[in-house]
Amino acid sequence: MQAQRTVPFVDLGWQTRRIREAADAAIARVIDSSGFILGAAAADFEEEFARYCGVAHCLGVANGTDALELALEAAGVGRGDEVILPANTFVATAEAVVRVGATPVLVDCTDDFLISVEGVADAVSSRTRAVAAVHLYGQTAPVEALRAVVGTDVVILEDAAQSQGATRHGIRAGSLGDVAATSFYPGKNLGAFGDAGAVLTADDALAGTIRRLRNHGGIAKYEHSVVGRNSRLDGIQAAVLSAKLAHLDEWNQLRRDAAETYGEMLDGDRVQLPVVANGNEHVFHLYVVKVAERDRVLEGLTAAGIGAGIHYPTPVHLLPAFGFLGLKAGSFPNAERQAAEILSLPMYPGLAEDDQQYVADTLHALL
Ligand SMILES: Cc1ncc(COP(=O)(O)O)c(C=O)c1O
């Protein structure tokens with residue numbers, strides 16, 4: 001009997017094979033120098049990634065969720081403040097707002113899955129302190145339009161977890177707002193070999209505050225000038241990230257090529273293809289289409305050995321954890337409709353064209 005063909009959702013091994021030698025050598029240097037927490041490898045990576053993103057400061061932290069929380073805290077967002085964010089994001093964006101003591105104010109999204117600028121305009125109040133511009137799936141939110149709506153007194157926090165390398169009108173994600181948080185979770189476009197994240201900002205004072213907050217409130221040992229916490233980047237993760245950063249542009253191009261190939265293979269009448277917003281260069285962290293009877297289609301793909309997913313099945317306001325917001329079904333029609341229709345297809349650098357053809361053929365047969 002012929003073995004069933006399988007197409008994984010992601011293939012991290014492909015990336016690992018390409019950086020293995022460089023990563024092994026860099027990890028060995030960290031081990032030999034005992035620079036396990038922050039240290040030289042982290043400082044090197046922070047400098048490289050700040051330069052890559054076009055900002056003055058990159059502060060390596062333990063994960064992307066901490067990065068969001070630290071960015072908000074350092075920007076002075078807390079109790080009594082409101083933070084506007086899209087209802088269709090990964091839960092971490094909303095968690096960070098609650099963790100700093102602020103109130104999440106959710107708004108709907110548009111057809112490109114990005115935060116609705118009109119929704120933000122309606123949601124702004126005298127208590128609005130920040131807006132989270134989530135660069136969902138790998139393309140940037142319309143930050144300049146958000147700025148026009150919220151003004152300069154409101155902090156624009158980019159959630160750049162899914163958008164390393166993406167640009168808007170030629171400007172890199174991470175340098176579009178006042179401060180940005182990113183995640184180097186292994187499956188991200190720039191992924192570590194474990195948890196890791198970073199905050200990016202051009203603001204010297206904000207960077208100084210985060211530098212303290214992430215390290216028990218001080219920069220030097222036993223200096224505790226503010227009440228901080230422990231959220232630091234590991235040397236070994238930094239070494240891996242430096243090795244991968246050298247390939248990021250090439251790997252993002254492979255993702256764009258794969259997206260173009262899907263675009264040619266898929267029948268646009270039956271499968272709604274992702275929309276790339278004007279001015280954006282997408283990095284396709286995820287390739288998200290919309291289909292009717294999504295759950296049945298997903299089951300069919302899974303049965304055919306194809307790794308597909310839903311990002312995310314439930315908008316934030318309908319998650320039990322956020323029931324305290326008191327928002328019912330029907331509050332955000334676009335986000336809710338999309339949650340029922342979205343389907344993430346296999347997408348990664350190294351995705352073979354014949355595998356994409358198998359995905360497209362299997363998908364068409366299910367529709
Ligand atoms: C949009 C978004 N924000 C925040 C996060 C949180 O990052 P982490 O998993 O590193 O905490 C993620 C990643 O999972 C994400 O996709």
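Mentor: Let us take the shell around the ligand, to which helix 3 (residues 64-74) makes the largest contribution, three residues; helices here are DSSP runs of H or I with at least four residues, strands are runs of E with at least two, and both are numbered from the N terminus. The model is predicted, so local features need pLDDT of at least 70 and side-chain atom pairs pLDDT 80 or more, while totals for chains, interfaces and linings use all residues. Residues are numbered from 1 along each chain as its sequence is written, and side-chain values use heavy atoms, with hydrogens and water left out.

The shell consists of Asn63, Gly64, Thr65, Leu68, Phe90, Ala92, Asp159, Ala161, Gln162, Ser183, Lys188 and Tyr312, each with a heavy atom within 4 Å of the ligand. Sorted by class, these are five nonpolar, five polar and two charged residues, where Ala, Val, Leu, Ile, Met, Phe, Trp, Tyr, Cys and Pro count as nonpolar, Asp, Glu, Lys and Arg as charged, and the others, Gly among them, as polar.

The protein buries 92% of the 380 Å² that the ligand exposes when taken alone, by the Shrake-Rupley method with a 1.4 Å probe.

The ligand sits in the largest pocket, with more than half of its atoms within 2 Å of the pocket's grid points. On a 1 Å grid over the protein atoms alone, a pocket is an open set with protein on both sides within 12 Å along at least five of seven lines, whereas a cavity is a set of points where a 1.4 Å probe fits but cannot get out, and lining residues have an atom within 4 Å of a point.

The largest cavity holds about 90 Å³, a volume being the space filled by probe spheres set on grid points joined across faces, edges and corners. Among its 14 lining residues, Asn88, Tyr137, His311, Tyr312 and Ile342 are the closest to its centre. Tyr312 lies in the loop between helix 10 (294-303) and helix 11, and a cis peptide bond, with omega of about 15 degrees, joins His311 to Tyr312.
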